[in-house]
Amino acid sequence: MDRQPDYMGHFTYRNGEMYAEEVPLSALAAQYGTPLYVYSRTAMRRQFERLKQSLDTIRPLLCYSVKANSNGAVLRTFAELGAGFDVVSGGELYRVRAAGIPADKVVFAGVGKREEEIEYALKEGILFFTVESESEVRQIARTAQRIGACARLAFRVNPGVDPKTHTYITTGKKENKFGLDAERARRACAEAASLSNVEVVGLHLHIGSQILDPAPYGEALCQILPLVEEWRNRHSTFRWLDIGGGLGIQYRLTEGSMNTACYAETVVPLLRQTGMSIVLEPGRYLVGNAGVLLCRVAVVKQSHHKTFLIADAGMNDLIRPALYGAHHEVCPVRQVAERLFGDLVGPICESGDFLAKERELPAVGEGELLAVMSAGAYGFSMSSTYNSRPRAAEVMVEGNRHQGIRERETWADLVRGERAWA
Ligand SMILES: Cc1ncc(COP(=O)(O)O)c(C=O)c1O
């Protein structure tokens with residue numbers, strides 16, 4: 001199992017058929033239908049343990065980033081391993097609480113938190129808010145005062161480094177909307193320290209996503225270490241250093257996942273010298289390669305220079321290829337030797353509706369199953385009902401056990417909540 005590419009996760013071929021752990025994908029398709037998200041619980045647990053072990057000398061709080069895959073069964077899997085959680089909305093906090101997970105290991109980020117979300121988080125007793133503007137400090141302080149709570153704040157600092165990833169998932173450059181530059185962060189922090197009902201507890205960084213080289217993390221940490229030292233001396237309550245997520249995974253054979261040993265080699269010496277309690281917010285690294293989107297080819301269509309495999313999954317199910325030009329490997333569930341050149345597309349009325357474009361694909365016929373790999377992160381959680389297509393079902397596998405963890409939506413779900421104009 002260890003010799004196969006990372007993007008295969010715990011998906012393997014046996015006698016020419018792809019399995020999720022001990023369960024044939026064809027059996028899951030027959031029972032749950034397609035399109036279907038299939039997750040390996042073992043792969044999720046393994047990734048968590050691997051990261052934890054690499055960093056065991058600093059014993060960080062690993063806050064799983066809920067946005068990557070917010071299904072309650074996934075959240076509970078990480079809660080059992082001792083994870084905390086990184087949320088960016090009241091809805092994500094609600095999901096964590098609905099999964100029966102206490103709020104005291106939850107950190108709440110995001111540039112535009114609403115007053116009711118702040119109030120909800122305060123009442124639930126989260127660990128801290130990360131704040132991204134001076135105005136937000138006042139807003140949180142006002143809400144805390146109104147309800148007689150104390151809000152713990154960590155200031156998100158934008159270190160101005162380039163993590164060399166896709167522009168849309170770069171967050172720590174000066175032109176990005178996220179965080180405060182060091183000078184503004186100083187002013188915001190000083191203001192917070194003068195207010196009642198808030199406490200300055202930490203500093204937060206998150207430089208981007210799908211980062212494969214640890215160097216930018218080292219660069220970002222070096223940028224902010226003087227500020228950490230300054231605040232540590234100034235505020236007795238200052239103890240958390242949250243270095244965000246962003247650790248990348250293998251989407252194609254020509255790249256590797258973030259090497260957690262190299263990551264640790266870069267960040268641990270820098271983190272150690274701060275004497276702070278460390279938080280990480282990994283999302284993709286924990287779940288990305290642990291999931292596939294299983295779909296069935298409905299139509300094979302020839303055009304003059306390529307073949308279209310038209311599947312029953314589209315950009316509403318997995319938007320990453322359309323949104324970022326992201327690459328996902330496409331594997332046949334029943335192995336075939338032949339390849340064809342073409343696109344794997346969905347049934348949606350957009351030319352951007354593709355899951356793979358102008359590449360070599362398995363030469364499968366109508367009715368055959370395909371697995372779109374590395375779909376465990378930002379797959380279902382970014383899916384929509386565009387073209388009034390009910391969202392896919394999700395299933396979790398562990399060993400030879402499998403369980404539906406989200407029902408397929410129905411046409412009735414599409415119109416639920418709508419009201420006729422009277
Ligand atoms: C503040 C913050 N933390 C953590 C993450 C998780 O990133 P990743 O899934 O790349 O680890 C994100 C992703 O957007 C984020 O914005």
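This is a tour of a predicted model, one selection at a time.

Now look for backbone contacts. A backbone N or O atom of Gly246 sits 2.8 Å from a ligand oxygen, and a polar backbone atom of Arg284 is 2.8 Å from an oxygen of the ligand. On its own the ligand would expose 400 Å², and the protein buries 91% of that.

**Stop two: Asp86.** Pick Asp86 next; an N or O atom in its side chain is 3.3 Å from a ligand nitrogen. Asp86 also forms a salt bridge with Lys67, at 3.4 Å between the closest N and O atoms. Asp86 belongs to strand S6, while Lys67 is in the loop between strand S5 and H3, 19 residues apart. Is Asp86 buried or exposed? Asp86 is buried, because its relative accessible area is 2%, whereas Lys67, at 30%, is partly exposed.

**Stop three: helix H3.** Select residues 72-80 and colour the buried ones: Ala73, Val74, Leu75, Thr77 and Phe78. At the start of H3, a side-chain oxygen of Asn71 comes to within 2.8 Å of the backbone nitrogen of Ala73. After the helix comes Gly82, with a positive phi near 95 degrees.

**Stop four: Glu80.** Which side chain does Glu80 meet in a salt bridge? Select Arg41: the N to O distance is 3.1 Å. Glu80 is exposed at 55%, but Arg41 is buried at 14%.

Methods
Residues numbered from 1 in each chain as written. Predicted model: local features only at pLDDT ≥ 70, side-chain atom pairs only at ≥ 80, totals over all residues. Heavy atoms only, no water. Buried < 20%, exposed > 50% of the residue type's maximum accessible area, 1.4 Å probe, protein only. Helix = DSSP H or I, 4+ residues; strand = E, 2+ residues; numbered from the N terminus. Polar contact = N/O pair within 3.5 Å; in protein donor to acceptor, adjacent residues only side chain to side chain. Areas by Shrake-Rupley, 256 points an atom, 1.4 Å probe, with all protein chains shown as cover. Salt bridge = Lys/Arg side-chain N within 4 Å of Asp/Glu carboxyl O.
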